[in-house]
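Hi,

Here is the structure I promised to pass on to you. Have a look at it first, and then read on for what turned up in it.

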Amino acid sequence: MSQLESFSTIYQRASERKGGDESLESLLTSSLTPDEIGQYKDAELLSEMSKKVFQSGFIWRIVENKWSAYEEAFFGFEPHKVLMLSPEQLQERASDPNLIRHMKKTMAIYDNALMTHDIAREHGSLAEYIANWPSEEITQLWAVLKRRGTRLGGNTGPYFLRAIGKDTFLLTGDVQGYLTSHKLVDFGFSSKSGLKQVQGVFNTWQQQSGRSLADISRVLACSVGDNRI
């Protein structure tokens, strides 16, 4: 592995590329506190999770425009109500022209409602479970979402976490390109060993800067490539 570049050097390069510190800082947002995340209803989390599943590989704006229809069709995403849907009812929703015709992603709503229900039964609520997860081990939470949920692998799980204000970095093309070109990862980004290495790099930058993982991820993306933050 190569010499780890300091975060201050990365920040300075990003600042120069974006036209100064003020311009760069305007692109950064604050994550929520654990107490704030813990206030979510699990139905809200299932809704946002399901939205990110449908937005993966699709035009985000179209999904947003249809989401009120999804809220109605899936009973406000109350997990116990979703779990009462029969296979025939799910098939009807997957064929509904007011929604998006995609059976596997529609089934993912049911599967992830079951995950939400099970985690709530084990830990009080999915919101509390996510809120209390330590940021220095965030890739392990990605792994839980991927293993216990459906269609939450890749960046879908992390995008969901970012959307609800949970502090996380993203492995965008720019971030992966940086880590690869600087030889900071010896394994694949989807492997347990590779994610452990990436987590270690981000933890070091967080210790240096005192910034959130989300902000570090955005600054890194702004320092290289196409700035996909």
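Helix 11 (residues 156-163) is largely enclosed by the rest of the structure, because 6 of its 8 residues are buried. Please keep in mind that this is a predicted model.

Which residues of helix 11 are buried? They are Thr156, Gly157, Pro158, Phe160, Leu161 and Arg162. The cover over these buried residues includes helix 4 (42-55), helix 9 (126-131), helix 10 (138-148) and helix 14 (213-222).

Helix 10 is worth a look of its own. Its buried residues are Ile138, Thr139, Leu141, Trp142, Val144 and Leu145. If you follow them in the viewer, you will find that they pack against helix 8 (103-123), helix 9, helix 11, helix 13 and helix 14.

Next, turn to helix 12 (residues 173-181) and helix 13 (residues 192-209). Their axes come within 12 Å and cross at roughly 95°. Angles from 65 to 115 degrees count as roughly perpendicular, so helix 12 is roughly perpendicular to helix 13. Which residues make the contact? From helix 12 they are Val175, Tyr178 and Leu179, while helix 13 brings in Val198, Val201, Phe202 and Trp205. Sorted by class, this contact of helix 12 with helix 13 has 7 nonpolar residues, with no polar and no charged ones.

Enjoy exploring, and write back with any questions!

Best wishes

Methods: Residues are numbered from 1 along each chain as its sequence is written. This is a predicted model: local features need pLDDT of at least 70, side-chain atom pairs count only at pLDDT 80 or more; totals for chains, interfaces and linings use all residues. Side-chain values use heavy atoms; hydrogens and water are left out. Buried means under 20% relative accessible area, exposed over 50%, partly exposed in between (1.4 Å probe, protein chains only). Helices (H or I, at least four residues) and strands (E, at least two) are DSSP runs, numbered from the N terminus. Contact means heavy atoms within 4.5 Å. Axes are lines fitted to C-alpha atoms, for helices over the stretch in contact, and angles run from 0 to 180 degrees between N-to-C directions. Angles under 35 degrees count as roughly parallel, over 145 as roughly antiparallel, 65 to 115 as roughly perpendicular and the rest as oblique. Ala, Val, Leu, Ile, Met, Phe, Trp, Tyr, Cys and Pro count as nonpolar, Asp, Glu, Lys and Arg as charged, and the others, Gly among them, as polar.
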